[in-house]
Amino acid sequence: MNYSSMLAYMVVSAITPGPNNLMCLYLGATSGVRGARKFLSGSMTGLFLKMLLCGLLNVLLARLVPVIMPYLKWFGAAYMLYLGFMMARSGFTKDDETDDSKRESTFMSGILLQCLNVKSWVASLSIYSVYIIPHTSSLISVPIASVVYLIIIIAASLIWCIFGQSIQKVYHKWKLPISILMGLSLVACAITALL
């Protein structure tokens, strides 16, 4: 098994922009790292469960995923469009008004995002089908790979969230255009999920 190649894949898939990282950036900019912690814990819980599921049922999922992927893509794209709309809409509110980011920064919204996040489904399945299952049938490899990927995802999500927090002053000064830009970036993610 090529561990360095697998780790490189994990890092690249974790740090590149996607729905989870864009939400972390947005929540960091609007609520700070502390305000995003419920979303982060939900997202990480969802990802960890997804990784375990993909590892333990890799053969079954390899047959099942082609059947459910078109539906998952549409639901995921619809949810990303909703999140993008909420991000863009938050740019039109004043700072003292109720912020949509508080509604999106919940444990359940983190889990929902991971359930519908096509990027992380593909990454999770790829880790097992390309790097692990062809080289070992040991069941201990499933939780080990899940924990390693979870640690990498936590680090990447925190980087995006901390970056969002570091631009809070800029965000509040330019709230409308930044909110619209971040909302449009999720719309782009939704479009690419459907292609």
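Student: How many disulfides does a search of the whole structure find?
Tutor: Keep in mind that this is a predicted model. A disulfide needs two cysteine sulfur atoms within 2.5 Å. Searching the whole structure on that basis, the count of disulfides is zero.

Student: Which cysteine sulfur is nearest to that of C24?
Tutor: C24 is in no disulfide. Its nearest cysteine sulfur is 5.4 Å away, and the cut-off is 2.5 Å. That nearest sulfur belongs to C161.

Student: Is C24 buried or exposed?
Tutor: Look at the relative accessible area, which is 1% for C24. Buried means under 20%, so C24 counts as buried.

Student: Let's turn to the rings. Which residues form the one aromatic pair?
Tutor: A search of the whole structure turns up one aromatic pair. The ring centres lie 5.7 Å apart, and pairing asks for centres within 6.5 Å. The two residues are Y9 and Y131.

Student: Why is the pair of Y9 and Y131 called tilted?
Tutor: Planes under 30 degrees apart would be stacked, and over 60 would be edge-to-face. For Y9 and Y131 the planes sit at 40°, so the pair is tilted.

Student: How many residues apart in sequence are the parts that this pair ties together?
Tutor: Y9 sits in helix α1 (residues 3-15). Y131 sits in helix α6 (residues 118-132). So the pair ties together parts whose separation in sequence is 122 residues.

Student: Now the helices. How are α2 and α7 oriented to each other?
Tutor: The axes of α2 (residues 19-56) and α7 come within 9 Å and cross at roughly 170°. Angles over 145 degrees count as roughly antiparallel. So α2 and α7 are roughly antiparallel.

Student: How many charged residues are in the contact of α2 with α7?
Tutor: α2 passes α7 in a right-handed crossing. By class, their contact has 27 nonpolar and nine polar residues. As for charged residues, there are none: no charged residues.

Student: How far apart in space are I144 and L52?
Tutor: I144 is in helix α7 (residues 141-166), and it is partly exposed at 48% relative accessible area. In sequence, I144 and L52 are 92 residues apart. In space, C-alpha to C-alpha, they are separated by 9.6 Å.

Technical notes:
Residues are numbered from 1 along each chain as its sequence is written. This is a predicted model: local features need pLDDT of at least 70, side-chain atom pairs count only at pLDDT 80 or more; totals for chains, interfaces and linings use all residues. Side-chain values use heavy atoms; hydrogens and water are left out. Helices (H or I, at least four residues) and strands (E, at least two) are DSSP runs, numbered from the N terminus. Buried means under 20% relative accessible area, exposed over 50%, partly exposed in between (1.4 Å probe, protein chains only). Axes are lines fitted to C-alpha atoms, for helices over the stretch in contact, and angles run from 0 to 180 degrees between N-to-C directions. Angles under 35 degrees count as roughly parallel, over 145 as roughly antiparallel, 65 to 115 as roughly perpendicular and the rest as oblique. A crossing is left-handed if the near helix is turned anticlockwise from the far one by less than a right angle, and right-handed if clockwise. Ala, Val, Leu, Ile, Met, Phe, Trp, Tyr, Cys and Pro count as nonpolar, Asp, Glu, Lys and Arg as charged, and the others, Gly among them, as polar. Rings of Phe, Tyr and Trp (its six-membered ring) pair if their centres lie within 6.5 Å; planes under 30 degrees apart count as stacked, over 60 as edge-to-face and the rest as tilted.
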